[in-house]
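Reader: Hi! Could you walk me through this one while I have it open on my screen?
Author: Happy to, let's have a look together.

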Amino acid sequence: MASADAMTTEPWVSVEQVAQHLGVAKDTVYRWREHRGLPAHRVGRLWKFKLSEVDDWVRAGGADEENNERSGKPT
C-alpha cells in the first residue's frame, strides 16, 4: 500500500518546470513570486512549487495584468 501514497503525493517542481508549465520565462516566475504572491516554498537556496498551487493562483487571477498595478509602464 505504500505505493498508493507515493502516487497521491504531488512532487515539488523547479522554477524551470513552472515556467515551462505556464509557457513563460523563468524571470517571470521569479517576478510573480516576489511581486504578485505566486505560491512558492524555499528549500535551502532553491524555490520549489506545487503545480496545483500554481494553477489555483492562475485561476484566481494572480497572473492577470489587468488585476495588477502597471506603475512606471507607459501606455
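Reader: What covers the buried residues of H2?
Author: The cover includes H3, strand S2 (46–48) and H4, with contact meaning heavy atoms within 4.5 Å. Helices (H or I, at least four residues) and strands (E, at least two) are DSSP runs, numbered from the N terminus. A word on the source: this is a predicted model, where local features need pLDDT of at least 70 and side-chain atom pairs count only at pLDDT 80 or more, while totals for chains, interfaces and linings use all residues. Residues are numbered from 1 along each chain as its sequence is written, and side-chain values use heavy atoms, leaving out hydrogens and water.

Reader: Thanks. Which residues of H2 are buried?
Author: Val15, Val18 and Ala19. Buried means under 20% relative accessible area, exposed over 50%, and partly exposed in between (1.4 Å probe, protein chains only).

Reader: And where do they sit around the axis?
Author: They span an arc of only 100°, so they lie on the same side of H2. The arc is taken from the directions from the helix axis to the C-beta atoms.

Reader: What happens just after H2?
Author: Gly23 is found there, with a positive phi of about 75°.

Reader: Let's switch to charges. How many salt bridges are there?
Author: Three, counting a side-chain nitrogen of Lys or Arg within 4 Å of a carboxyl oxygen of Asp or Glu. One of them joins Lys26 and Glu16, at 3.5 Å from N to O. Lys26 belongs to helix H3 (residues 26–35) and Glu16 to helix H2 (residues 15–22), so this pair ties together parts 10 residues apart in sequence.

Reader: What else does the side chain of Glu16 meet?
Author: The side chain of Ser14 makes a polar contact with the Glu16 side chain at 3.2 Å. That term covers a pair of N or O atoms within 3.5 Å; within protein, one must be able to donate a hydrogen and the other to accept it, and residues adjacent in sequence count only if both atoms are side-chain atoms.

Reader: Where is Ser14, and what does it touch?
Author: Ser14 is in the loop between helix H1 (2–8) and H2. Leaving aside residues up to four places away in sequence, Ser14 touches Trp47, Lys48 and Phe49. Ser14 is also buried, at 14% relative accessible area.

Reader: Nice. Which residue pairs with Glu65 in a salt bridge?
Author: Arg36, with 3.2 Å from N to O. This pair links distant parts of the chain, 29 residues apart: Glu65 is in the segment after helix H4 (51–59), and Arg36 in the loop between H3 and strand S1 (41–43). Glu65 is partly exposed at 29%, as is Arg36 at 21%.

Reader: And what does Arg59 bridge to?
Author: Asp56, with the closest N and O atoms 3.3 Å apart. Both lie in helix H4, three residues apart, about one turn of the helix. An α-helix has 3.6 residues a turn, so residues three or four places apart point the same way. Arg59 is exposed at 64% relative accessible area, whereas Asp56 is partly exposed at 48%.

Reader: Last one: in what order do the elements run?
Author: From the N terminus, α-α-α-β-β-α, which gives four helices and two strands. Of the 75 residues, 21% count as buried.
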